[in-house]
Amino acid sequence: MKHRTKAVLRGATVALSAAVLIGVGTSSASARVGAPTIRYGNSGFNVQCVQYALNHWNSVQGRSNHLISVDGIFGDNTLAEVRRYQQAYGLDADGVVGPVTGGRMYWAWIDGDLDGPACYQAMPTQS
C-alpha cells in the first residue's frame, strides 16, 4: 500500500507540473548556462543549493542517514553525496557539479520537486 501511495503522489506531481508548464507555455525559471562549476573546496550560495538538492534527493529516497549540513561549504560530506548522486544516475562520479550533474539537479526545481530558494539559477547546465 505504501508503494502505491508513493506512485499515486508521484503521478499527481508529474501531472501537476506538466499542467503548470502547459498553462504558462514555458517555465519562468531559467537555467544559467555557463554558471560556474561547483566543486570540493568551494563555498557560498551555489554550494548551499547543491546541498539542498542532495538532501531533498536523499529524503525522497528514504535515506535520512545521508542528510548533510547545508552550510555552503563543499567538504568531504558534500563530496561523498555528490558522488552517490552521480552514481545513482549513471553519471561520471567525479564529485564535480558541472553542466551534466547540475543540469540533472536543475530539473528537480523545474519539475516542481523542490521548494526553496531559486537555486535553479545557481546550477551549471548545458542548456
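User: Which residues have the most contacts inside the largest nonpolar core?

Analyst: General idea to start: a nonpolar core is a set of buried Ala, Val, Leu, Ile, Met, Phe, Trp, Tyr and Cys residues joined through side-chain atoms within 4.5 Å. Buried means under 20% relative accessible area, exposed is over 50%, and partly exposed lies in between, with a 1.4 Å probe and protein chains only. Here the largest core has 18 residues, and Val50, Leu54, Phe74, Val97, Met105 and Met123 have the most contacts inside it. Bear in mind that this is a predicted model: local features need pLDDT of at least 70, side-chain atom pairs count only at pLDDT 80 or more, and totals for chains, interfaces and linings use all residues. Numbering starts from 1 along each chain as its sequence is written, and side-chain values use heavy atoms, leaving out hydrogens and water.

User: Which helix gives the most to this core?

Analyst: Helices are DSSP runs of H or I with at least four residues, strands are E runs of at least two, and both are numbered from the N terminus. H2 gives the most, with 6 residues. Helix H2 (45-60), H3 and helix H4 (99-110) each supply at least two.

User: What is Thr78 in contact with, leaving aside its neighbours within four places in sequence?

Analyst: Contact means heavy atoms within 4.5 Å. Thr78 sits in helix H3 (residues 76-88), and its partners are Val50, Gln51, Leu54, Ile68 and Ile73. Thr78 counts as buried because its relative accessibility is 3%.

User: How many aromatic pairs are there in the whole structure?

Analyst: You describe a pair of aromatic rings by the distance of the centres and the angle of the planes. Rings of Phe, Tyr and Trp (its six-membered ring) pair if their centres lie within 6.5 Å; planes under 30 degrees apart are stacked, over 60 edge-to-face, and the rest tilted. A search of this structure turns up 3 pairs. One of them is Trp57 with Tyr85, edge-to-face at 5.1 Å centre to centre and 80° between the planes. That pair links helix H2 to helix H3, 28 residues apart. Trp57 also pairs with Tyr89, tilted, at 6.2 Å and 45°. Tyr89 lies in the loop between H3 and H4 and Trp57 in helix H2, so this pair ties together parts 32 residues apart in sequence.

User: Is Tyr89 buried or partly exposed?

Analyst: Partly exposed, because its relative accessibility is 31%. Trp57, at 8%, is buried.

User: Which residue's charged end sits over the ring of Trp57?

Analyst: The rule is that NZ of Lys or CZ of Arg is within 6 Å of the ring centre and within 35 degrees of the ring normal. Here it's Arg63, 4.3 Å from the centre of the Trp57 ring.
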